[in-house]
Amino acid sequence: MPVAGIDVGSLSTEVVILHEGKIAAAVMLPTGANSRTAANRAMEQALSQSGFTLDALENVVATGYGRVSVPFAHAKVTEITCHGRGAHFLDPEVRTVIDIGGQDSKVICLNKQGKVVDFLMNDKCAAGTGRFLEVMCQALEVGLADFSRLALITVEAVPISSMCTVFAESEVISLIADGYPREKIIRGIIASIVERTEAMAGRIGVVEKVMMTGGVAKNRGVVEALQDALGVRIALPEDPQLVGALGAALLAQDGQQGRTTMSL
Amino acid sequence: MGYGLFKKNTGIGKLKEKIVGNRNKRLLRWPFLYLLGREAVRRGLIKFPYRANAMLVEYGMEHLRKAYQRKTALVWSSAFSPTELFYALGVNHFSPEVTAAVTASFGFQEKLLKEAETNWWGRDSCSFHRCAMGGILLDYFPRPRAFCASTHLCDGGVLLFNNLAARYRLPMLLLDIPLRQDQYSLDYVVRQLKEIISALEACSGKKMQEERLEEAVACADAARRELEVVNRWRSHPLSLFGARQALAYLYLYHNGVGSPVTPKIYNTLAHELHMKINEAATTGAKPPRYRLLWLHLPPLFRGNNILAYLEEQGAKVVFEEFSHVYWGPMEPHKPLEAIARRMLAHFGYGPIERRLHVIKTMAENFAVDGVIHFSHWGCRQNSGSLKIIRDYLRREGIPLLLLDGDCADSRNNAPGQLRTRIDGFLEMLAK
Ligand SMILES: Nc1ncnc2c1ncn2[C@@H]1O[C@H](COP(=O)(O)OP(=O)(O)OP(=O)(O)O)[C@@H](O)[C@H]1O
Ligand code: SF4
Ligand SMILES: [Mg+2]
């Protein structure tokens, strides 16, 4: 029987449908202003992709910020457990998961069985997360893809001193006005994200193998700089943004096979 | 969005904000109000789940009534100051920090915080002190004749009191607590207690009677014994009286040591807990799925229901750090030495090993499945030792959840994130 996982994040919503151990559908949409609408739309698309009806889904696990507003979910599980589950499935050797999404960054420690044994989350402030990067892209007038590409041109960075997204944005604007090349400013922005993530990873203690998940893992510039800073190789899944939904779907499958699925 | 943890301050909350409006300031400062409150409780017009709770509210009302009446001298005291001295001398005392917590629990904090901030009280400071400052500036709090602050825990209380003493040109009585627990420190504290007594005598016009001091110490000792019994009943597997039920008792814990009423209240509570546990055991009540220990204070402001949320998920905070009995037997015949020993005994001060030892004792006595450490905004005392606590609990194999937020200022909390951390932690315990 098919099962589904849905990850309603602060910026993006993903649905993964699993059937007979294989991915039958994978959808990704922006969350937008209404997480319930996003959840419904993403699920509709995933159902039409897979050819199943909602009633045919044996078990649906919701995760992400919007997990509380998914009307069709049977259970709610946090991103922490879902990213852990997804990463363990993709590579059972993984002991540390770094998930950087739109407004949260997390470092999750797994044991051999893939069980979450510890985790840390950024504090309330969203500096150093995906949304921060998006605002900087706007200020630089580059797309996310160009941002990643430009970051790889140079290793020189113009330091960004402000942590606050709003102040960092105006700092970037004045750096552009001062004629600094964009790629150096980008390295500066990346350095500030990496610094925060490195500190958080250092607090919890990084154990290899390390995998990065969440949308920011698609940013090559960030991944490479983080790799250098931590001094470890970072494994990347094929689509890092789907790992939360995949983990949720796997938990739905575990639940279906008689293992308990938490109903938080 | 409150994510099931916080409710917006609407309806009754807003109504209460009106009550703290300027027109009603006089009412709040009117001792008769507290007399009425006390009588209403005494006559059973207000219902409580425990008889001890009624006694506690009665005590609180009487405490506030005395603070607001002008006849007897009033001293403002910081948390963990030597309250035995006030009871023995017959001067009233008032704790702005504890009152700030009460104010927040009624949902009045916003106006007070704003007032303090408008007057340059930094937003990065502890909200208990900010709230207290707002209460002072708005003239809601009773006016003292002296300030008495101990250096226990944080410097915020001392700085607040210093500021106020200068502002009102009133005596500032500082009790400097040394880090070490040796004879030298004991003598040093005793000397300071004597000086404080002289200063209190001068500002109150009263004379300290040796027998009264011995009585107050005997009461403090009785409070210790009774609270230990309460805590033993609280550690019962059924855990009927968790942090949620016990929080109101912090008022007594901070203000009541040295009062003859305090041991009676604890004694009543202990008996009631004993009875209720027996009853619950016969009706087949179930213990909570997870037993948690809370370090530092949980959010207290009105509209937050973190503890209730945890309970809904089957995780009960069975005990909280600030209900731990930290002082040993007190010898009434050597009253000043006994008080000095109590002052020196606090685990939140001095080498971190003391706090670790207390955490271990509480975790064992209450057989907890996990510990929650709440880093209250602006509280360096509590959060400074986080790494050591974390490493220690890791070695002991006790899971630890770190939460960041604010006990009194709701604006410094991110409910969605708090909820994810809490849920993630419970999932971690579940597997
Ligand atoms: N193609 C891409 N290249 C580079 N970065 C990308 C790309 N796609 C997404 N991102 C980054 O990923 C971020 C969104 O990540 P994700 O979708 O994991 O967030 P989310 O799960 O909605 O948020 P959260 O988990 O914090 O609630 C964007 O802000 C952006 O910075
Ligand atoms: S919360 Fe911390 S800073 Fe505030 S009064 Fe308590 S010990 Fe002091
Ligand atoms: Mg996410």
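Predicted model: local features only at pLDDT ≥ 70, side-chain atom pairs only at ≥ 80, totals over all residues.
Me: Does Val257(B) count as buried or exposed, and at what relative accessibility?

Reply: Buried means under 20% relative accessible area, exposed over 50% and partly exposed in between, with a 1.4 Å probe and protein chains only. At a relative accessibility of 4%, Val257(B) therefore counts as buried. Residues are numbered from 1 along each chain as its sequence is written, and chains are lettered from A and ligands numbered from 1 in the order in which they are written.

Me: Where is Val257(B) found, and which residues does Val257(B) touch?

Reply: Val257(B) is found in the loop between α13 (250-255) and α14 (261-282) of chain B, where helices (H or I, at least four residues) and strands (E, at least two) are DSSP runs numbered from the N terminus. Contact means heavy atoms within 4.5 Å, and, leaving aside residues up to four places away in sequence, Val257(B) touches Thr83(B), Glu84(B), Tyr87(B), Ala220(B), Leu252(B), Thr262(B), Trp327(B) and Arg342(B). Phe80(B), although 177 residues apart from Val257(B) in sequence, is 9.4 Å apart in space, C-alpha to C-alpha.

Me: How many residues of strand β5 of chain B are buried, and to which strand do bridges join β5(B)?

Reply: Strands of a sheet pair through backbone hydrogen bonds, either parallel or antiparallel. Six of the six residues of β5(B) (290-295) are buried, so this strand is largely enclosed by the rest of the structure. On one side the buried residues are Tyr290(B), Leu292(B) and Trp294(B), and on the other Arg291(B), Leu293(B) and Leu295(B), so that both faces are covered. Five bridges join β5(B) to β6(B) (315-320), and these two strands run parallel; Trp294(B) stands opposite Glu320(B) in β6(B).

Me: In what order do the strands of the open sheet in chain A stand, and which of them stand at the edges?

Reply: Two strands pair if DSSP finds at least two bridges between them. The open sheet of five strands in chain A has the order β3-β2-β1-β4-β5, with mixed pairing. β3(A) (22-30) and β5(A) (75-76) stand at the edges, each with a single partner strand, so one side of each is left without a neighbour in the sheet. Eight bridges join β2(A) (12-19) to β3(A), and these strands run antiparallel; His19(A) has Lys22(A) in β3(A) as its bridge partner.

Me: Which residues of helix α3 of chain A are buried, and what covers them?

Reply: Helix α3(A) (130-140) is mostly covered, with eight of its 11 residues buried. These buried residues are Gly130(A), Phe132(A), Leu133(A), Val135(A), Met136(A), Cys137(A), Ala139(A) and Leu140(A). Among the elements that cover them are β6(A) (96-100), α4(A) (144-151), α5(A) (165-177), α6(A) (182-204) and α7(A) (220-230). Glu141(A), whose phi is positive, near 55°, follows α3(A).

Me: How many residues of each class does the shell around ligand 2 have?

Reply: A residue is near a molecule or strand if one of its heavy atoms lies within 4 Å of it. Around ligand 2 are Cys126(B), Phe128(B), His129(B), Cys154(B), His296(B), His376(B), Cys379(B) and Gln381(B). Ala, Val, Leu, Ile, Met, Phe, Trp, Tyr, Cys and Pro count as nonpolar, Asp, Glu, Lys and Arg as charged, and the others, Gly among them, as polar; by class, the shell around ligand 2 has four nonpolar, four polar and no charged residues.

Terms used:
Heavy atoms only, no water.
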